[in-house]
Amino acid sequence: MKKRFVILMTVCAVCFIGLSASAQEKFKMELSYNVSVPVGSFKNDYIGKTSFRGGTGMISYTFNPKFSLGLSSGYQNYYQKYGRQLYKLDGNQTVSAVLTNSMDIVPILFRGTFYPLGTSTSMVQPYVSAGAGVNLINYGQYLGEFGGTESSTAFAAQAGAGIKIPFGKGPTQNGIKIGATYNYSNYNNNDVSKLNNVGINAGVIFGLK
Amino acid sequence: MKSKNGLWVSIMVLAVGFTSCSKDPLANLTAEESRIYITNHDSTKNFSNYHTFSISDSVAVLNNGEASKQLNQTDQAFIDAVKTEMQNDGYTLVNKGANPDLGINITRIYNTSTGIISYSNYYDYYGGYWDPYYWGYGGYNYYSPYSYATYSIREGALSIDMLNLKDAPATNKIEVIWNGLIRGSGIFNANTAADQVNKLFTQSPYLKSK
């Protein structure tokens, strides 16, 4: 835990120094719609359904045409209802219930993006990205209408790749982007270990003055 | 300045948009899906050793700790449904004066004051609303080994208790050997009573007279 905190703070500091050192440089913002597919224990032990309810926003600072670093956040809601089934409880108790699982994840990540083509005016510009931070997690489970939610935080990391299609000619921050991410999230509660998922996103990028 | 405002507005709109499209687990349940059916039994008892049963002719209603006996159309539907299920499992319905092996009490529980119910709370005063004398054992105490986890309550609960009358003279107590508890929305409905009771008996395959 301590190690993670130190890494986070370092990234924070680097980011802040970068920002204050060259305030005239351009900031940019990305907004995207996100579809998320749970994998591993998240899928097998909790929610198998793909989530179509999510989005991401990021404000980043462009160090040079190839590299930018920013703060990313968003929201993703997972939900699955399982038909009526029997569950064994303590002792000789048996309960017949419709089980509902839900999960809200709000990631807060520092994310770096690398554009290998840099200032090229190419129509299609590939990028790769990597990020790390925390996930704010809201776990919900209901037997029938009885149950509740439980909030926690966990370490999160992300790797992504995609393409940006700039608007107009010449080097510009503005454009649309399509990409995919692999999201790792540490979590070990309520029979679920890890909240890993694959995200597919599409959105816009625009420069901020 | 203008573009900054526009930016904040768009962030706010997105944030609200994202959170409002999440699925509310409770809003996505029908009344049928909201209900849970919990059964509990004394695993040391062999239910095929019992052959006859009797069921009380009314339902005890616990409303925030106050008990009364009632019999409306819904109560009758639950009593009839339990009779049918017991007979399907091979038990013979007899008059309560004819020394039945099993007695069955049905209780409606409303509890809006605390919002919480546990079986042990409900059971502590059992003798108060189900007088042991009704079953011919005046002076005996009821005994139940169960304790349920607590669930927050919205509408009410219906509890069906099966009493071991056969061994009451020998043990000097009236043991609860099976309990079925129904929780959720729209429980007290004469049209669905049979289906609800059926679920309790279906998940209790050990209830067989032979």
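# Briefing: chains A and B

M103(A) has Y139(A) as its bridge partner in strand 5 of chain A. This is a predicted model, in which local features need pLDDT of at least 70, side-chain atom pairs count only at pLDDT 80 or more, and totals for chains, interfaces and linings use all residues. Residues are numbered from 1 along each chain as its sequence is written, while chains are lettered from A and ligands numbered from 1 in the order in which they are written. Helices (H or I, at least four residues) and strands (E, at least two) are DSSP runs, numbered from the N terminus.

**Strand pairing in chain A**

- Strand 4 of chain A pairs with strand 5 (residues 125-143) of chain A over 16 bridges, in the antiparallel sense. Two strands pair if DSSP finds at least two bridges between them.
- Strand 5 of chain A is also joined to strand 6 (residues 146-166) of chain A, by 19 bridges. These two strands run antiparallel.
- P126(A) stands opposite I163(A) in strand 6 of chain A.
- Strands 5 and 6 of chain A form a hairpin with two residues between them. In the turn, G144(A) has a positive phi of about 55°.

**Chain A overall**

- Chain A has two helices and ten strands. From the N terminus on, its elements run α-β-α-β-β-β-β-β-β-β-β-β.
- Of the 209 residues in chain A, 33% are buried. Buried means that 20 or more other C-beta atoms lie within 10 Å of the residue's own, exposed means 12 or fewer, and partly exposed is in between, with C-beta atoms placed from the backbone.
- Among contacts in chain A with a separation of 6 or more, 59% are between residues 24 or more positions apart. Two residues are in contact if their C-beta atoms, placed from the backbone, lie within 7 Å.

**K26(A)**

- K26(A) sits in the loop between helix 1 (2-21) and strand 1 (27-38) of chain A.
- K26(A) counts as partly exposed because it has 13 C-beta neighbours inside 10 Å.
- Not counting residues up to four places away in sequence, K26(A) touches T62(A), Q173(A) and G207(A).
- S193(A) is 167 residues from K26(A) along the chain, and their C-alpha atoms are separated by 40 Å.

**Chain B**

- Chain B contains seven helices and eleven strands. Buried residues make up 38% of its 210 residues.
- Of the contacts in chain B between residues at least 6 apart in sequence, 80% join residues at least 24 apart.
- In helix 7 (residues 193-202) of chain B, the buried residues are A193(B), Q196(B), V197(B), L200(B) and F201(B). They fall within an arc of 135° seen down the helix axis, so they line one face of the helix. The arc is that of the directions from the helix axis to the C-beta atoms.
- These buried residues of helix 7 pack against strand 1, helix 3 (73-88), strand 10 (157-164) and strand 11 (173-183) of chain B.
- Strand 4 (residues 66-70) of chain B lies largely in the open, because zero of its five residues are buried.
- Five bridges join strand 4 of chain B to strand 3 (residues 59-63) of chain B, and the two run antiparallel. L62(B) has A67(B) as its bridge partner.

**Where the chains meet**

- In chain B, 31 residues are in contact with 28 residues of chain A.
- Helix 1 (2-20), helix 2 (31-34), strand 1 (36-41) and strand 9 (151-152) of chain B each supply at least two residues of the side that touches chain A.
- Strand 4 (residues 94-114) of chain A and strand 1 of chain B are joined by three bridges and run antiparallel. Here S96(A) has Y37(B) as its bridge partner.
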